[in-house]
Amino acid sequence: MSDIKNILFAEDSPQDVEMTLAALAEHNLANEVVVVDDGEGVLEYLYYQGRFAARPVGNPAFILLDLKMPKVDGLEVLRRIKKDPKLSSIPVVMLTSSREEMDLAKSYELGANAYVVKPIDFPSFIDAVKQLGIFWAIHNQPPPDSVRKRS
Amino acid sequence: MAKSRTRYIILSVALATVSFLAMVLLSYLSIRSLDVATQRVQHTDLVRDNLEEAQLQLKDLQTGIRGFILTGDARFYLRIERGAKGLVAVLPRLRELTVDNPLQQGRLDSLESDLPARLAEFRRLHELSAAHATAATGAAIAALGPHPTDLTSRTLVAMKSEEDQLLAQRLAAARTDARRTATALALGLVLAGIFLALGALLVRRYLAEHERTAEVNRAARAYAESIVDTVREPLVILTPDLRINSANRAFHQWFETTPAEIDGHRLSEVGGGPFAIPELLHALEDAGPSHSQIEHFEVSVNLPRSGSKVLRLNARKLHRPGNDTIMTLLAIEDITVQKRIEQIHLQFRGLFESVPGHFLVLRPDLTIAAASDAYLAATMTKREEIVGKGIFEVFPDNPADPAANGAANLRASLQRVLQSGTADTMAIQKYDVRRPDGAFEERYWSPVNSPVFGSDLQIEYLIHRVEDVTDFIRQKQKGAAEPTAIQARLEAVESIIYQRSQETQAALNQLRMANEELEAFSYSVSHDLRAPLRHIAGFADMLGKHATTLDDKGKRYLKTISEAAQRMGHLIDDLLTFSRIGRVELRHAQVDLATLIEEVKQALQPEMAGRIVHWEVGELPAVRADPNLLRQVLVNLLGNAIKYTRKRAEARIAVGCAPSEPGETVVFIRDNGAGFDMKYADKLFGVFQRLHSAAEFDGTGVGLANVRRIVVRHGGRTWAEAGVEEGATFYFSLPILA
């Protein structure tokens, strides 16, 4: 296990997952990407519950969060993360296919760190994902308490 | 205060008493000591008397001796004997008297021892001379001469002077004692006087204060009595066994009694027995010992002067401080008039409630104050269930009827009445009535709301009068009614108006629902429709990278797939924008057109890369518009101008103000581009309408539709002039707003 932190990626569309992973892989990001397909999965991961009960301790480097997801949607997950003092410092990037102003305003109101409209044109999508990965995983200085302890 | 004063009084009297006692004691002691002194003086006097007697005897003796010696006469000798006898007789007395004085005793000792010897010698000589009777003997006796008595004489003188001295001393002592006694007595008197005076002063003050307090008490009592007497309501104070302790003037006036007649009598016997009511007497007895009281006990009486009266009795227990008896204060109030008004009120209320029309009386806050029986029957409600409640709480709209607007219309009408102060006649309303079982019954009403003003000229009540026109409306709906009279025709018109308003309401509701559906649809399109497109484009691209053996044809297919997907994405985006423009709220602000155009030119810079574009921007005013939407208009129009001049070596684009009607601003954008055929001008601003092929000029055909939508929403117009390959001029107008 490296001490490079994970990227948590919540997306219910397998195609989008595959495309995004391809984009991240193309950039050779060292971070391990943990993919969950709904909001519940994000919360389970963050709170060490369910299938993530035994995962190693530590917050992800950042969270890529799709807005529209089954069970618990992206806005709700964002609200819960930003309300919890232990999690609120994790950068959250909202990913969505919509440019609806309501969603945008709501996301920023809830404390999203970035909001990316998934472009249809794949190269620019790759570009957006790449930039996000670089920005949050490499350039962004994580808060000191989020550094994972070595076991 | 009074207590400490009493203590001072007691103290001063005690001090005076002590002073007196001390004075008495002192006097006693002084008198006793004076007595002793006086006795001593008397004693000394006595001693001196005896001494003087002794001296007298001695003198006799000496005279006898001298005479005898000179004459030898026997008579002198007798005198000597007599003197000697007297002297001897007095000496024991002296001894007795001076027993406490050793010095005098010593002197007496010497006298007693000396004198008899001398006398014996003298007697011997005398006997001798008697025998011889010679001069010589006489001479010899003479030689003895004074000798036998000289010593005695001297001793007696010494004793006398001693006693004189003692007398002087004792007199002085007695005088001192007397003076001291007098001083002590005077001092004691003065002290006792001072204390007594102090006591008297304090007693005087105490009495004065007591008098003052008593005066205040008398005044307070008189004041209280005068108040009780001037109270117009009869008041009577009862002893625990319900006898009259006292009654005020009003009581006596009412019941024509005097204090002498009733004081001490039982309450039940007073004034012809109006109070002889067992319940009242029991209650009063209870009000005494237990701490309860009587409130609002009503009695009908026949008074001697004022006839039939309704009295209200209130009783309170009175606990007097310093007095263990508990009195009861009974206050009597005449409520005859009040009762009568209540009766009249009830009568009028009854009258109002039984009026045949449907009336509801509302307070200005729209709570129900009263309702007529007919109204209650028509609305299937009970008075006690609705009075005091809000009208809309009691009469809600039928929730099963989506078009129900009776409550809203009634509220509006009532508000109009409250604001204008004039009656408001409403159109016929469908306002369903809720049955007691909760289900609603279809009802039509013709309501009139009118204000009722209070004495302060403010609206005090609203009267809501309705006629139930359900049957009429139903007939109308069946087409069975045959209006003949004007009234009937009016009602018909009202009915039509009602139906039209219902239709309008229905249309509005449909529109609202359609709009909501559109909203949901747009949202769904933007999310769900874009996702598969993104996947098509994305996977086509990934396939292109993955497939190493793909030939040119295969690559072209993939490229086509990607481009088609992208194009569809743009179409969707544009369509969403178009629909959003129709829905967003306009936010008007002052916009400087010149600045905005400069900004848009900057934003379009990438489109002009590698081209020569000449800009001519004329004078432009500031306008009132939604800045974001106006920017979109200019992005579209300037973007089109740039796009359609692409084939020109030098593009020329002019922006400026065109002549216009008063009250509006007209902006034009002219280019020297491809232009269009004016016969298609009417298609120009339609959605997805394109006058050029995608291959010639790309685009989705939504841009100009957006321009028209935005301008129209601002209250303006759009139009264009052009010729094929002659360039085009686009115009839009904006109304000049304040």
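Is B:Y731 buried or exposed? At 12% relative accessibility, B:Y731 is buried (under 20% relative accessible area; exposed is over 50% and partly exposed in between, with a 1.4 Å probe and protein chains only).

This is a predicted model, in which local features need pLDDT of at least 70, side-chain atom pairs count only at pLDDT 80 or more, and totals for chains, interfaces and linings use all residues. Residues are numbered from 1 along each chain as its sequence is written, chains are lettered from A in the order in which they are written, and side-chain values use heavy atoms, without hydrogens and water.

**View 1. A tilted pair, B:F352 and B:F359.** Rings of Phe, Tyr and Trp (its six-membered ring) pair if their centres lie within 6.5 Å; planes under 30 degrees apart are stacked, over 60 edge-to-face, the rest tilted. Over all chains, the count is ten aromatic pairs. Here the centres are 6.2 Å apart and the planes at 50 degrees, so the pair is tilted. B:F352 is partly exposed, at 23%.

**View 2. A stacked pair, B:W719 and B:Y731.** The ring centres lie 5.1 Å apart. The planes are at 10 degrees, so the pair counts as stacked. B:W719 belongs to strand 19 (residues 718-722) of chain B and B:Y731 to strand 20 (residues 728-735) of chain B, so the pair ties together parts twelve residues apart in sequence. Strands are DSSP runs (E, at least two residues), numbered from the N terminus. B:W719 is partly exposed, at 27%.

**View 3. An aromatic cluster in chain B.** B:F251, B:W254 and B:F255 form one cluster.

**View 4. Charges over rings.** NZ of Lys or CZ of Arg must be within 6 Å of the ring centre and within 35 degrees of the ring normal. A:R55 lies over the face of A:Y45, 3.8 Å from the ring centre. B:R709 has its charged end over the ring of B:F578, at 4.1 Å from the centre.

Terms used. Helix = DSSP H or I, 4+ residues; strand = E, 2+ residues; numbered from the N terminus.
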